[in-house]
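Subject: Handover of a structure

Dear colleague,

Please find the structure below, together with its sequence. I would be grateful if you would read the notes that come after it.

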Amino acid sequence: MCAVAAAGVRGAKELRLAGQNMVPVSKEDDPEQRYQSSGDCAYRPPTGRQRIDQRIVCCGLLREHATVMSTPMHQTVDMPGWNVGWGVARSCNMGCRFCYSRIAHDASSSPKGANLAPYLQFVRDNALELATINWGTTENTTAGEWYELVSAIQGIAPHVVQAVTTNGYLARACRADVGREEVFVRCVREVDVSLDFCSPERHNLFRGHPEAFAMALETLEFCRRHSVPRSLVMLACGETLFPENLDGLFRIAAHYDAHVRLSILRPVRGCQLAPLDYGQLRAGLRWITERHDAVSLSDPLFAALAGCPTSDPAGLRSARILPNGDVTPCTYLIEPPWVAANIYRERVQLNEIGSRWAFRALREPVQPEPCRECTLWSACGGGAKDRRILAGGSLATRDPYCPRLHDDGLHWFSGRTAHMKESSAPLVHAAYLSTLIFAHGAGNN
Ligand code: SF4
Ligand code: SF4
């Protein structure tokens with residue numbers, strides 16, 4: 001019996017103990033039958049330069065959720081608040097070969113004796129502009145001061161939606177200290193749990209920790225128990241993106257009523273994994289969209305190919321703060337010249353640094369020459385900005401996953417539009433980085 005089927009019968013505790021096998025391969029269905037026609041798509045892209053604010057009731061908190069679309073999708077848009085990805089812990093309890101923030105973990109790059117003061121100063125200085133904070137970049141849950149910080153921010157700026165990305169350590173950290181659990185329940189509105197494999201052995205090996213899989217499931221269960229919206233985030237790379245693994249991960253997501261977020265591997269400095277192959281990515285995304293509704297597509301290339309165009313959040317009121325205090329406009333561009341400021345060295349006003357070169361450079365549309373004749377340009381805008389820079393060195397190059405670069409057609413999804421499903425979760429990740437989030441259930445196709 002596969003891990004997730006076992007869970008359905010015997011419960012989560014036994015799942016952790018018994019789940020040793022891979023989920024069986026499911027039969028390939030006819031992809032043509034699995035897509036909605038564009039006429040059935042729940043999403044209607046807006047026309048012209050405009051802003052859409054969706055009011056979402058989440059965890060008793062009514063807030064503005066910034067879903068921003070414009071036409072052309074790659075041009076500057078007016079967003080209502082800043083979305084910040086933030087890491088404060090200077091170490092992690094795991095040792096992933098693909099860690100894109102390893103250089104930011106280097107303790108030697110962090111000031112000694114740093115306390116909460118610069119963090120709280122930043123929040124006070126930007127309280128009116130801040131919409132969301134996602135605690136990621138490193139494993140913040142391992143740092144005792146992180147819980148104090150989350151609690152203090154809730155007091156200073158209760159309107160800010162705080163979320164956390166964790167490798168699964170969150171539940172154990174809270175179990176060891178009821179004060180931490182209280183902070184979590186009071187302050188955290190969404191949790192993203194890293195889980196790359198449905199096989200415990202493979203996930204543990206991949207993350208370099210013998211209990212990585214067990215901790216991930218514990219945290220999913222912990223969030224379910226506290227009714228905190230949750231997603232499972234898998235690194236999409238050559239090792240993980242294959243049908244058996246996807247099937248198993250979506251089953252786990254269904255068991256914990258979690259979304260599934262795909263984080264496509266970026267070849268940042270220090271990453272020891274090869275970039276994901278174009279054909280494998282296309283096959284993986286087809287597999288998912290044939291079976292599951294999309295909840296949010298904030299990756300401009302794949303959103304355009306799926307018929308639901310979006311803006312790339314990079315440079316658009318999205319910022320990253322690294323454990324060493326550096327502020328950058330993008331999750332994956334974390335070294336000079338993309339460092340716009342440092343919260344340990346200066347008082348940072350988001351609206352002011354938004355006009356600095358690193359942010360402006362990502363905001364201003366640059367049309368790669370091969371995109372000039374492309375019918376998808378107004379929706380795609382050349383693809384994900386960070387991928388263009390990481391792969392080609394500048395925005396003058398198009399996305400390395402551009403189908404035309406691979407002599408492929410633009411109809412990855414058979415010319416049909418992905419079905420979008422509404423979610424009551426805050427979807428904090430969609431607001432600050434280009435990513436793909438799916439519902440666990442079968443699509444309405
Ligand atoms: S768990 Fe996250 S922060 Fe820690 S090493 Fe892995 S990728 Fe990096
Ligand atoms: S050529 Fe490729 S990257 Fe450029 S707009 Fe078309 S699909 Fe996007």
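This is a predicted model: local features need pLDDT of at least 70, side-chain atom pairs count only at pLDDT 80 or more; totals for chains, interfaces and linings use all residues.

Residues are numbered from 1 along each chain as its sequence is written, and chains are lettered from A and ligands numbered from 1 in the order in which they are written.

Ligand 1 is surrounded by 9 residues (C-beta atom, placed from the backbone, within 6 Å of the ligand). Cys 92, Met 94, Cys 96, Cys 99 and Asn 167 are the closest. Around ligand 2 there are 13 residues, of which Cys 371, Cys 374, Cys 380, Arg 398 and Cys 402 come nearest.

Helix 4 spans residues 117–126 (helices are DSSP runs of H or I with at least four residues, and strands runs of E with at least two, numbered from the N terminus). Its residues Tyr 119, Phe 122, Val 123 and Asn 126 are buried (20 or more other C-beta atoms within 10 Å of the residue's own; exposed means 12 or fewer, and partly exposed in between). These four lie on the same side of helix 4, because they cover an arc of only 95° around the axis (taken from the directions from the helix axis to the C-beta atoms). Ala 117 and Arg 124, on the other side, are exposed.

Ala 89 lies in the loop between strand 3 and helix 3. This residue counts as partly exposed because it has 19 C-beta neighbours inside 10 Å.

Yours sincerely
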